[in-house]
Amino acid sequence: MQRAKAGGDEEATRQNGSAGRRKGQQQQSDGDDGDCDLGAADMQDEDNDPGLRREIRSKYRDLINSVQQNREDMLRPSNNKLTEVLEEANKLFKDVRQAREAALDAQLLVVATDLGKEKASQLFSEGTAFDPTAFAEHLLSFMGLNRLEDGEDEQQNGGAAGGYLPQDAWHRVARRAECCFRSAPAFHYMMGSFHAEPPPPKQKIERQRKAPSKEAKRIMPTQLKRMEGSHQEATEKEVERILGYLKSYYQDDPTSPISYYEFVIDPKSFSRTVENIFHTSFLVRDGLARMYLDSAKLPCIAPVEEGEVEAGGSISRKQCIVSISPKTWKELIDAFDITDTMIPLPNTD
Amino acid sequence: MSRQMGDSHRRFLQTMMANGIVDEQGARTLYQYCCETHNTQHAPDKLDDFIDAINSNLQPMFMQIRKGMSEDNGHQFYALVNMTETVVTRMSSDYADNELELFRKTMDLIVVSENGTASSTDVLNSADTLTTKKLKKSETEHLLNRLVHDKWLCENRGEYTLSTRCIIEMEPYIRAMYQEQIKVCHICHNIAFQCQICENSTCGIKIHNPCVARYFKGRAEPRCPACEDFWPHEIPEVRRPQSQSRR
Amino acid sequence: MSQRKRLSNTQSSSQSKRQSGASAAQEENDDTTFTQPSTSQVQRGMQKLTPAQVDQKTAEVVQYFLVKDQKKIPVRRADLVKHVVKEYRTIYPEIMKRASRTFDQVFGLKMIEIDAKNHMYILINKLEPGDGASPIKSPTNPKMGLLFVILSVIFMKGGVVRENLIWNTLKKLRVDPGEKHEEFGDIKKVVADEFVRQRYLEYVRIPHTEPVEHEFRWGQRADVEISKTKILEFMGQLHEQDPQSWSQQYREAHSVSGSTQPGSSSR
């Protein structure tokens, strides 16, 4: 134990150029002598005082901790903390009586020796020594530290400056570090990272309910009311209204054919056009109007005159489905040069 | 057959990996930079050829550099995408299972919405319905920020939209999974999320805002290109890509 | 081959029946049961497969590497065989050769075995940073800044440091390992766990320390991925000092750069 201590002592001494520890040892042996002079009972008392024992152990632990925690600062060439620690340890050793305390003393010595060794290796290594504190200091400037006006913090913080770092501080370091790394860029993707399955069907229903735009919502209910609420009444009324227009156009000039498309198309509204086609189909179905192709093979429409009605029923009945898309609707408007609707909107009563 | 790649192609591909998405102007300057760095010939009008050479080599891995339009400003972008789903691709570690589930729920919300957005409130609420592992509200918020940071979602005043990168990569998936719900733009025929809709109920076509801007530019009275109804929406300005100074 | 596979399957299943709790040992076993097939085995295996099958498997291996690299986790051969190569294990060397060629020729990346004992692989970049700044600024990861600082300190201190030096240095840089950092979260977890799993760092307990102390070294990934010469250049710039004045570090950086680090910058 003593030998180990002496070894560590030499390291430390060489390192710090101080004789602190040796002097301490002197004191320590003095102290030992002094203790011997005291009565046995007295000694027993002090050795067994639990409070004192605890205090000594606690002080040792503090010392060990302080070496471990402040290792870097203590390693700096200008720092004399190691000497101070060893002097303190010598004072404590005076009162060491029990094995537990001695063990702590040994542990402190291991830590101190190790530190001393490193300090020594710094002295002997060639070239500049690397000082992590100075490094941190430079790095803070590189990161764009906003230093505070008064430098009080600096001293307190073991050399670390006060102030605050900008948001992108670590990004700056990362950006600078990029060229030192030969990292592979990573490939990130979303498609294929989870199992493909269609969304739950419930959303489809929701969609159907939600689907029509604000405008459509406004129109749809009235249309529906007309269809459902009237029980064909509205349709019949509209069919009659359209028949009225057809007849009046025919009467205006019975010799000139009425183009079916010109009749049904509303150039301002695709939906009105579809409605007109729908209602006109009732006229044809009920034999109130007939359709034929003119010399240019274009469909024409004309009202069936009273007398013809019955006969018409027995002649030829043909069915056809008229389909129209917004695109063909547009093309027809262009082709027939339709500017106005022949079936004006019903008066809103 | 795959075409020979040089270091210029590899550098371009690596930049695409690191960024995920690059706008057209950026891709052009990057192309030039890669060629200059490796002393290879640079033909300014051959960017798509250059990218095709990379794509022919990526094809066996089901990867691709794909071009697409930003719904926001109408500019063209290039994104590096994955095109397959396998046991291996599902091992992707960027997001946990419940995080991916939340992303999909957000996507559901956006797809079924009228205007291609999902409000943060709706997304937060949908976090309660996760079947994998519940996410706390704060975790969901953090996740949404990450999804925005990683360029899968965009956020504007509490409304989330699918990012250009996401649309470019996910378009085939969305078309397959949401067949009924999606609509394509009447002008460019790509999926339309953020767009204007014809108010004629029987028409109801969609047009991307930038496509609206281009289509109606210089027309006196805007009418729906499908049904000729009056187009009642505000017509946005055509936004040109800011020309960057070439080095 | 199918017979052999069946055999090993029954073995492992009977084993797991007997003792189900030995998962760690099981994992170790996985790799030792995989024996590198011989050239003739590979040849025979190749004959049984169509070129398309081999291409498909190669693509899966490439994807697996890319997926693992998203978080910079090295690929373990045992996992690769178990999760991807599977029944193609007889042609494992051929598939690895092709995957490596793909990384080289398509991506400009290099597949490297960093741990020959445990068979671990990583990807590193073959392309040098370009001379001019790239017109496209790739997003930066602040964690790489943190890692860079730690690796720099370890290197400058001769290759190994006690953990307290790292924690204290970080504290001076406003990153307190005792607190949750707004950018990095749990610092200890990032440094002593994440960086370690990525093999950027080694974190080992120093024997006979009470309280327990650890020391940090460079991990195997750092050895092949990071240029000491360039770190020293940065140190010189930071301290306004000639990099050569740290003569030991300078010598080390330049002795290494001859073998694994290609052409250090001469800007």
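Modeller: Let's start with strand pairing: two strands pair if DSSP finds at least two bridges between them. Strands (E, at least two residues) and helices (H or I, at least four) are DSSP runs, numbered from the N terminus. This is a predicted model, where local features need pLDDT of at least 70 and side-chain atom pairs count only at pLDDT 80 or more, while totals for chains, interfaces and linings use all residues. Residues are numbered from 1 along each chain as its sequence is written, and chains are lettered from A and ligands numbered from 1 in the order in which they are written.

Biologist: Thanks! How many helices and strands does chain A have?

Modeller: Chain A has 17 helices and three strands. Strand 2 (residues 289–293) of chain A is joined to strand 3 of chain A by five bridges, and the two run antiparallel. Look for A:Arg290, which stands opposite A:Ala302 in strand 3.

Biologist: Which strand of chain B does strand 5 of chain B join?

Modeller: Strand 5 (residues 153–156) of chain B joins strand 6 of chain B through four bridges, again antiparallel. You can find B:Glu155 opposite B:Tyr160 in strand 6. The hairpin of these strands has two residues between them, and B:Arg157 takes a positive phi near 50 degrees. Strand 6 (residues 159–162) of chain B is also joined by two bridges to strand 4 (residues 118–119) of chain B, running antiparallel. In that pair, B:Ser119 stands opposite B:Glu159.

Biologist: How many residues does the contact take from chain B and from chain A?

Modeller: Two residues are in contact if their C-beta atoms, placed from the backbone, lie within 7 Å. Here the contact takes 39 residues from chain B and 34 residues from chain A. On the side of chain B, the elements giving two or more residues are helix 1 (7–19), strand 3 (76–82), helix 4 (97–112) and helix 7 (164–177). Helix 7 of chain B supplies the largest share, five residues.

Biologist: And within chain A, what share of contacts with a separation of 6 or more comes from residues 24 or more positions apart?

Modeller: In chain A, that share is 67%.
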